[in-house]
Amino acid sequence: MTGPLLDVRHLSVEVAGRRVLHDVSIAVDVGGSLGIVGETGSGKSMTCRAALGLLGRIGGAVVAGTATFAGRELTALSRDGWRAIRGRQIGFVPQTSMSSLDPVMRIGRQIEETVRVLDPGADARARSLELLEAVELPRADRIVRRHPHELSGGMRQRVMIALALAGRPRLLIADEVTTALDVTVQRTILELLGNLRRQLDMALVLVTHDLAVVESSCETMAVLYAGATVEAGPAGTLCTAPSHPYTRALIAAQPLLTDGGPLASIPGAPPEAGTPHDGCAFAPRCSHADGLCLGGTLALEPVSAGHVVACRRVREVVR
Amino acid sequence: MTAILEARAVTKRFGVDGPPAVDGLDLAVAPGAGVGIVGESGSGKSTLARMLAGVLPPTSGEIAVGGRPWTAVDRRDQLRRRVQMIFQDPYGALNPWLSARDAVAEVIRFWDRPTRAEARERASQLLADMGLTADAMGRRPRGLSGGQCQRVGIARALACAPDVLIADEPTSALDVSVQAQILNLLVALREERGLAIVLISHDLAVVRHLTEDAAVMYAGRIVERAPTHEMFRSPAHPYTRLLVGSIPGMSGGEARTAHDPGVADHPCRFAPRCPRRADDCIAVRSHDPHLPGGRWAECVHPHLPAAAPVQRTQTQHGGRT
Amino acid sequence: MTVALRTRLDRGRRRGASLWWGTGVLSAVVLLCVLAPLLSPHGPNEIVAVPFSAPSAEYPFGTDALGRDVFVRVWVGGRLDLVIAAIVVGVSLAVGTVVGIVSGATPRRWLDALLMRFVDALVAFPFVILVLALIVVVGRTRSFWFLPPGAPAIVIASLLVNWSIYARLARAETMSLRGSDHVAAGRMLGYPQSRIVGRHLLPGVVRITASYAVADVVIVVIATASLAFLGTGVQAPTAEWGSIMYEGRAVLGTSWWITTFPGLVLAVTGLAVTLIADALLKVER
């Protein structure tokens with residue numbers, strides 16, 4: 001098979017009549033790693049939902065665009081079709097480990113139940129111990145007898161990852177998995193995800209608001225703003241030589257450990273999800289925008305190999 | 001210079017057993033100083049913040065404002081105004097039933113007793129200085145963005161004309177682009193008003209940006225103190241080193257992964273995770289924490305300032321020029 | 001985030017509908033209680049026709065064992081039921097909210113403990129036994145101001161038990177608000193306790209207790225009617241939903257209208273109030 005494992009193109013999603021995604025394009029290769037970066041309302045979580053077929057539950061629907069996984073079109077899948085994909089082909093680690101685990105059920109049973117559903121041929125008990133060892137939890141035989149509240153935040157997050165691995169997915173989507181964690185714990189979780197990716201030859205999509213996390217853990221990166229991809233390409237290139245004014249401003253706004261100088265802040269606030277706009281959604285906050293940026297349609301244009309940007313003034317901006 | 005806010009051997013216990021949240025801590029804030037307190041969840045830094053602000057009494061020890069302990073400061077005492085606080089949750093910090101302007105005007109009327117119209121006028125001015133539009137001033141917190149709420153919270157604190165602002169994770173609930181606005185605002189306030197700031201944060205880069213001096217807290221104790229930029233360039237305490245090295249894009253610093261139950265009640269609370277732990281670490285509390293070069297770390301085997309600095313493995317956003 | 005948005009929209013739509021239905025039906029009931037007896041040519045205790053007349057154009061709800069017009073009696077009785085409910089709920093709301101806030105906000109532990117043990121004791125006391133005891137004390141025939149015989153005992157008994165629920169609600173909400181940052185900020189700003197309670201705690205607490213009060217109206221109306229149905233409530237010949245039903249219970253098989261119509265009005269009122277309460281309780285903070 002050639003081409004990316006997950007390939008989302010020009011995806012538009014409406015929820016309750018509001019267009020929350022209007023042009024999202026992301027791609028991740030077999031065994032690759034993609035970081036999706038965005039602020040509040042950028043649509044990064046909605047993109048995950050779309051890739052997992054979970055839009056129906058919130059009354060959302062894909063209104064335009066395509067999403068293919070290993071060559072199969074996802075947007076037209078039936079419920080049964082999704083059942084074969086979700087968990088078995090695409091695993092998902094949600095942000096909130098505490099509310100995603102059943103507080104009154106022991107960890108072992110929760111994992112065994114998932115294994116029985118996603119991997120019926122396996123010995124549920126042995127497989128759940130194997131999964132806990134895979135996420136580098138020491139003394140798995142003791143962990144299985146614990147309840148979620150008896151574990152630390154980092155340990156719970158590892159359990160969530162173990163659950164996502166139960167169906168032996170080829171792609172793991174992790175939504176802000178380290179946001180609530182301390183920096184020392186964050187590091188170990190990111191290392192774990194990197195190790196798992198290599199060992200299991202599994203692709204990884206890491207959704208986060210933290211550019212530094214993406215730069216250190218992902219090969220490619222997509223920047224979302226107000227429901228659209230504004231820039232995508234190799235993570236190193238985007239972090240060192242960003243082209244879109246929003247990516248540039250975001251990087252300049254990040255305080256650094258090595259430099260205490262004034263920060264170049266972006267005026268205003270990101271628009272609420274689903275706010276309609278013409279032309280470029282970032283134009284009202286952009287220092288490079290002119291009158292023409294507020295109208296017309298935008299498309300992702302290549303600026304170099306594998307690096308695309310949605311900005312009509314990108315030549316002037318980069319120079 | 002005498003300290004405007006000072007904690008002396010402050011301990012706070014919640015409940016009868018278990019380790020104290022804050023354990024015999026000393027801290028002094030000079031007028032106009034910028035002090036960063038870094039720590040992870042459970043380090044006791046938020047408990048310390050509330051004690052410094054005078055709303056949580058310590059179990060033992062004393063916190064003094066302008067030389068007088070909080071316990072001797074009456075509610076209406078002008079000293080009460082001198083320490084104010086801004087909060088992590090910008091929405092929760094505001095009374096949901098008051099508009100932005102009313103929340104600030106309430107403070108002005110309470111302290112300075114001007115006419116209602118004058119209080120509103122001053123509140124509007126202060127909110128405008130904080131970058132709030134006239135339209136937003138009439139709205140209640142629910143109608144404001146997180147960044148706008150944080151500006152209202154800052155304006156409300158400044159309405160008291162404080163000398164010290166305690167900021168408990170002031171930007172961790174905000175988007176990066178909005179965080180920069182608030183950080184720049186706080187930097188400007190320090191310069192314009194000579195405000196001292198005690199910044200409590202888990203984000204080292206934010207502390208680096210806003211303060212000159214930093215203290216690292218671990219399990220209720222300060223384990224290292226140093227000028228901010230030096231601390232993050234060459235951390236002396238193994239924990240600080242771990243903290244700095246854990247930032248994405250940085251390397252250096254390590255921790256033991258296997259917990260050793262034998263050192264559970266070690267006087268050094270970091271001992272179970274410490275890669276440099278040795279038998280003589282047991283004497284950590286009596287060991288002289290002063291290091292060459294004016295550095296300070298509560299550690300028997302610190303990394304000396306001359307040791308190799310932590311490495312940047314990546315460009316750390318070299319796009320910024 | 002968008003999930004939250006959608007559920008909020010959905011909730012808003014549902015809330016709007018149930019609020020309108022509830023308010024509409026309740027207003028109709030209240031209006032009939034006020035107007036129907038005024039428009040009718042005869043009083044509630046006036047014998048107007050042959051006993052046990054079936055519903056007809058002239059007597060829509062029929063007549064009872066004495067030949068009184070059930071239609072008039074139902075609406076006159078409704079006045080009493082609603083007034084009793086208003087008094088009981090209004091006083092409980094005021095007293096309970098104040099006691100709850102004091103208990104939750106006071107820095108004196110002993111005061112909180114004292115108030116709450118008192119509340120616990122009241123909650124634990126069996127309501128029906130309390131009413132029976134009060135009826136013995138107050139007397140079945142004792143009337144008070146505009147309250148007919150039997151009613152004062154009900155009002156006093158309901159009040160005694162009822163306010164404690166409000167106190168508990170108010171205390172719990174006060175405790176949770178007390179820990180919030182905006183109250184901590186108020187302390188830091190030097191506000192006195194009275195201002196913190198009045199401006200920073202009270203609005204939030206009243207939201208909770210007032211929403212409950214609406215739901216409580218239906219509980220009190222049903223309790224009043226049930227007591228009369230048990231024969232211990234408002235005494236004859238005063239019309240009241242429960243007492244009308246009580247009088248008709250022996251002839252339920254033949255003269256079903258005497259019991260059915262007040263029961264129906266009671267049920268409709270209860271449903272309307274529940275719809276309103278439901279809508280109000282869903283109001284986001």
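B:Q179 sits in helix α6 (residues 176–193) of chain B; helices are DSSP runs of H or I with at least four residues, strands are runs of E with at least two, and both are numbered from the N terminus. This is a predicted model, in which local features need pLDDT of at least 70, side-chain atom pairs count only at pLDDT 80 or more, and totals for chains, interfaces and linings use all residues. Residues are numbered from 1 along each chain as its sequence is written, chains are lettered from A and ligands numbered from 1 in the order in which they are written, and side-chain values use heavy atoms, with hydrogens and water left out.

Is B:Q179 buried or exposed? B:Q179 counts as buried because its relative accessibility is 9%. Buried means under 20% relative accessible area, exposed over 50%, and partly exposed in between, using a 1.4 Å probe and protein chains only. Setting aside neighbours within four places in sequence, B:Q179 is in contact with A:P255, B:T171, B:L174 and B:V206. Contact means heavy atoms within 4.5 Å. B:G147 is 32 residues from B:Q179 in sequence, yet their C-alpha atoms are 7.6 Å apart.

**Interface of chains A and B**

Between these chains, 37 residues of chain A are in contact with 38 residues of chain B. The buried area is about 3400 Å², and carbon and sulfur atoms give 55% of it. Buried area is the accessible area (1.4 Å probe) that two parts lose on being put together, summed over both. How many salt bridges does the rule find across the interface? It finds 0 between chain A and chain B. A salt bridge needs a side-chain nitrogen of Lys or Arg within 4 Å of a carboxyl oxygen of Asp or Glu.

**Strands of chain B**

An open sheet of 4 strands in chain B has the order β2-β1-β4-β5, with antiparallel pairing. Its edge strands are β2 (22–29) and β5 (68–69), each pairing on one side only. Two strands pair if DSSP finds at least two bridges between them.

Strand β6 (residues 83–86) of chain B pairs elsewhere, as the table shows. From β6(B), B:V83 and B:M85 point one way, while B:Q84 and B:I86 point the other. All four residues are buried.

| Strand pair | Sense | Bridges | Facing residues |
|---|---|---|---|
| β6(B) and β7(B) (residues 164–168) | parallel | 4 bridges | B:V83 and B:V164 |

**Chain C and its helix α4**

Chain C has 9 helices and 0 strands. Its C-alpha atoms fill a box of roughly 75 × 50 × 30 Å along the principal axes. Of its 285 residues, 48% count as buried. Among contacts in chain C between residues at least 6 apart in sequence, 68% join residues at least 24 apart.

Helix α4 (residues 127–138) of chain C has 12 residues, so at 1.5 Å a residue it should span 16 Å. Its end C-alpha atoms are 16 Å apart, which agrees. The expected span is 1.5 Å times one less than the number of residues.

Which residues of α4(C) are buried? They are C:L130, C:V131, C:L134, C:I135 and C:V138. Seen down the helix axis, the buried residues of α4(C) fall within an arc of 135 degrees, so they line one face. The arc is that of the directions from the helix axis to the C-beta atoms. These buried residues pack against α5 (151–178) and α7 (193–229) of chain C. The face of α4(C) turned away from its buried side carries the exposed residues C:I129 and C:V136.
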